[in-house]
Amino acid sequence: MNAHITSLITKDLQHIWHPCSQMKDYLLFPPLIITGAQGSYLELAEGGKVIDAISSWWCKTLGHQHPRLKNALLRQLEQFEHVIFANTTHETIVQLSEKLTQLMPTLNKVFYAGDGSCAVEVALKMSLHARQITRESKKTKFIALKNGYHGETLGALSVSDLGLYRTPYQSLLFDAYFIDDLPYVLNKYDPLWFDCTEHWQRIEKKLMPYAETTTAIILEPIVQGVGGMQIYSQDFLKRLRSWTQQNGIHLIADEIMTGIGRTGKMLACQHAGIEPDFLCLSKGLTGGWLPLSAVLTTDTIYQYFYADYQPHTSFLHSHTHSGNALAASVALEVLHIMAEEKWHEQASRLEEVMFAMMTDIAEQTGKLTRVRGIGAIVAADLVDTTAARPGFEVYRRAAALGALLRPLGNTIYWLPPLNIEMATLEELMDITMGSLSEGDVE
Ligand code: PMP
């Protein structure tokens, strides 16, 4: 390590508190210093590059430094970067909103926020607030899925079921009912994917007591990301959607990870042929260039709030960077590229390839089980979890070999840019195989 790199790391550790990290781990595994990023690769100060196998926390859907996205951003930069979004508008955001409302026919209003967690907060608040306007005073509760995750702010954590993230803040969280016994599948060929009647009968029975008091059900459609890339039956989503409609309950689809092509459709809800009342998008929305999130909703919800001004019937949620022009310019170009080049179809093709590769790794190493996948997502669990932190060890080894894997607990997964090249996937396969072998990390 040269002196400059050493000094940079020392200063980093002196001043920075990194996200989702135990900072003491950085003594053992210092941060990678990134000097560039291109396509599916991150370039390192020490020389060499690593594959961004998880699309930088699932957002770099079209890889790094996409020239069209860069140009869109530069064009906007020439005009203006950001203005207050209350009482103003601009061409870019109008075009983006028009495009977003074409994703699903019933979702024709867009509200903007800055990141995924905030989009979830907006959707939760809109649902609850709508009940006050319609005087459905009993409908104040939320239902979510066991093993689900919706972000780190307190409302989002309240409807998330991962103790690792929520336990320390329990005293500030509101209660929610979590649906368990979900019909998980390994892929779309599992019979449960098509028909989950038995699971549903049990689930529906348990849900009934909550029908009257529930304002909304929130879920990650089809894939629970942070919960370990668990895939569930599209039939379950379809049935749950009907149930919400029969009981006057809103459905909030958190497509922050699954949206914009990741699962082989533009939106994961399309696997079940459903449309929610609220749809949350972020991450891939700007191809991971800038923070932006959007909550799409129906005209019905919008009209509840539309009235002559009086306190408490306007949705006064305000984020400084709502409608940010730079982020919107990139998002608009992402949607153009997705429409023209159909990368969600490529995700569908990657589904077969990535599943076959991970199955191969599992068979050759004997170290992985429950290989599962949909679209450009594949995951498997480590068989031997006797080491203190086996996922962390794999992470360190993979980084040394040339890939950023960052397992979720004991789950190894790939979630690469949708436009990853085949040769890079093959390289990733070799690195993953190597990272599962014994031996010390350099
Ligand atoms: N919902 C889901 C499904 C997510 O995967 C995430 C982020 N991993 C979030 C919400 C939160 O998004 P953000 O990190 O942008 O707040």
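**A strand and a helix**

Reply: Let's begin with a strand pair: Ala253 has Leu279 in S12 as its bridge partner. Keep in mind that this is a predicted model.

Me: How many bridges join S11 to S12, and which way do they run?

Reply: Three bridges, and the strands run parallel. S12 covers residues 278-281.

Me: And how many bridges join S8 to S11?

Reply: Four bridges link S11 to S8, residues 214-219. That pair is parallel too. Within it, Ala216 sits opposite His250 of S11.

Me: Are the residues of S11 buried or exposed?

Reply: Buried, five of the five in 250-254, so the strand is largely enclosed by the rest of the structure.

Me: Which residues are on each side of S11?

Reply: His250, Ile252 and Asp254 are on one side. Leu251 and Ala253 are on the other. Both faces are covered.

Me: Switching to H4. What does it reach, first C-alpha to last?

Reply: It reaches 19 Å, close to the 18 Å expected at 1.5 Å a residue. The helix has 13 residues, 67-79.

Me: Which of its residues are buried?

Reply: In H4, Leu69, Ala72, Leu73 and Gln76 are. They cover an arc of only 95° around the axis, which puts them on the same side of H4.

Me: What do the buried residues pack against?

Reply: Two helices: H5 (91-100) and H13 (325-341).

Me: Which residues are exposed on the other side of H4?

Reply: Pro67, Arg75 and Glu78.

Note on methods:
Residues are numbered from 1 along each chain as its sequence is written. This is a predicted model: local features need pLDDT of at least 70, side-chain atom pairs count only at pLDDT 80 or more; totals for chains, interfaces and linings use all residues. Side-chain values use heavy atoms; hydrogens and water are left out. The expected span of a helix is 1.5 Å times one less than its number of residues. Buried means under 20% relative accessible area, exposed over 50%, partly exposed in between (1.4 Å probe, protein chains only). The arc is that of the directions from the helix axis to the C-beta atoms. Contact means heavy atoms within 4.5 Å. Two strands pair if DSSP finds at least two bridges between them.
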